Amino acid sequence: MPALKVTDENFDETIGNKDKPVLIKFGAEWCSPCKMIAGPLNELADEMSDQILIGDHDIDNSPNAPTKFGVRGVPTMLLFKGGEVVDSKVGAASKEDIKSWINSKVR
């Protein structure tokens, strides 16, 4: 199951998910590191679907949410619980690093 496509229009509804934490990756088509972590994030979206919702947000097509949350570089991953940012991670990382980061924050 690939990461959920998140836009400015469905952003608040997506991060407001009360059942699970939500990870949003802010990226762009032209961003090589964003493409590097897309596959691992899609795998984690599938493997961890009972624990977390993972979404992908294109900053060029939907610029409002990244501006609202002060995203300055891509890829930036924001971790939300109950609609609030609990942590962020900037730059590419391995699947294992991302999984460890998620696990350290959502338990």
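**Helix packing, a pocket and a cis proline**

Helix 2 (residues 32–47) packs against helix 4 (residues 95–106) at an angle of about 45°, and their axes lie 9 Å apart. That makes helix 2 oblique to helix 4, oblique being what is left once angles under 35 degrees (roughly parallel), over 145 (roughly antiparallel) and 65 to 115 (roughly perpendicular) are taken out. This is a predicted model, so to speak of local features takes pLDDT of at least 70, side-chain atom pairs count only at pLDDT 80 or more, and totals for chains, interfaces and linings use all residues. Residues are numbered from 1 along each chain as its sequence is written, and side-chain values use heavy atoms, with hydrogens and water left out.

**Helix 2 on helix 4**
- The crossing of helix 2 past helix 4 is right-handed (the near helix is turned clockwise from the far one by less than a right angle).
- On the helix 2 side, Ile37, Pro40, Leu41, Glu43, Leu44 and Glu47 make the contact, and helix 4 brings Lys95, Ile98 and Lys99 (contact means heavy atoms within 4.5 Å).
- Sorted by type, these contact residues come out as five nonpolar, no polar and four charged.

**The largest pocket**
- The largest pocket holds about 240 Å³ of space.
- Its lining has 15 residues, with Lys5, Lys25, Glu29, Asp56 and Asp58 nearest the centre.
- Strand 1 (4–6), strand 2 (22–27), helix 2 and strand 3 (53–58) each give at least two residues to that lining.
- By type, the lining splits into four nonpolar, five polar and six charged residues.

**A cis peptide bond**
- Most peptide bonds are trans.
- Val74 and Pro75 are joined by a cis one, with omega about 0°.
- Pro75 sits in the loop between helix 3 (64–68) and strand 4 (76–81).

Terms used
Axes fitted to C-alpha atoms, helices over the stretch in contact; angles between N-to-C directions. Helix = DSSP H or I, 4+ residues; strand = E, 2+ residues; numbered from the N terminus. Nonpolar A, V, L, I, M, F, W, Y, C, P; charged D, E, K, R; others polar. 1 Å grid on protein atoms, 1.4 Å probe; cavity = no way out; pocket = protein on both sides within 12 Å on 5 of 7 lines; lining within 4 Å. Points joined across faces, edges and corners; volume = space filled by probe spheres on them.
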